[in-house]
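Take a look at the sequence and the structure first.

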Amino acid sequence: MSTFDPSRCRVLIVEDEWLVREMMADVLEETGFTVSLAASAAEALRVLRRDPPIDLVVSDIEMPGVLDGVDLARLLRSQRPEIGVVMVSGCRPRTLPPGVLFLAKPFVPAELLRVLSDLAAPVRAAS
């Protein structure tokens, strides 16, 4: 079994709260992930179109705009099923699309890293 190598994964963090977004980015970058940021689902879709391939998305559920995090997850599952998706929220979500994981806020960095490591297994296998 291979060891998880975060430097081989690119993560998009979608979070409308600036401080939460920056804290998650700091933790992931310190661990070796390459991180892109978005403050809304609409911005995340723009990032996904213009940036290099994204392997994993960590998204808040409740965000301003027409699309929330669950809407974003549904789009990703239908259009980009190879991307691993984690929804984070302080509230239990309504039904999530198949294959989308949920992490309750507040969480400690080790919990986020564990979930991302689990989701990155297919990325490791394909590399």
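The notes below cover the sheet, the salt bridges and the cysteines.

This is a predicted model, where local features need pLDDT of at least 70, side-chain atom pairs count only at pLDDT 80 or more, and totals for chains, interfaces and linings use all residues. Residues are numbered from 1 along each chain as its sequence is written, and side-chain values use heavy atoms, with hydrogens and water left out.

**Sheet**
- An open sheet is built from 5 strands in the order β2-β1-β3-β4-β5, with parallel pairing; strands are DSSP runs of E of at least two residues, helices runs of H or I of at least four, and two strands pair if DSSP finds at least two bridges between them.
- β2 (34-38) and β5 (101-104) are at the edges with a single partner strand each, so one side of each has no neighbour in the sheet.
- β3 (residues 56-60) and β4 (residues 84-89) share 5 bridges, and V58 stands opposite V86 in β4.

**Salt bridges**
- The whole structure holds 5 salt bridges, each a side-chain nitrogen of Lys or Arg within 4 Å of a carboxyl oxygen of Asp or Glu.
- D60 and K105 form one of them, with the closest N and O atoms 3.5 Å apart; D60 lies in strand β3 and K105 in the loop between β5 and α4 (109-119), 45 residues apart.
- E15, D60 and K105 are linked in a salt-bridge network.
- D60 is buried at 6% relative accessible area (buried is under 20%, exposed over 50%, partly exposed in between, with a 1.4 Å probe and protein chains only), while K105 is partly exposed at 23%.

**Cysteines**
- There are 0 disulfides in the whole structure, a disulfide being a pair of cysteine sulfur atoms within 2.5 Å.
- C9 is buried at 3% relative accessible area, whereas C91 is partly exposed at 43%.
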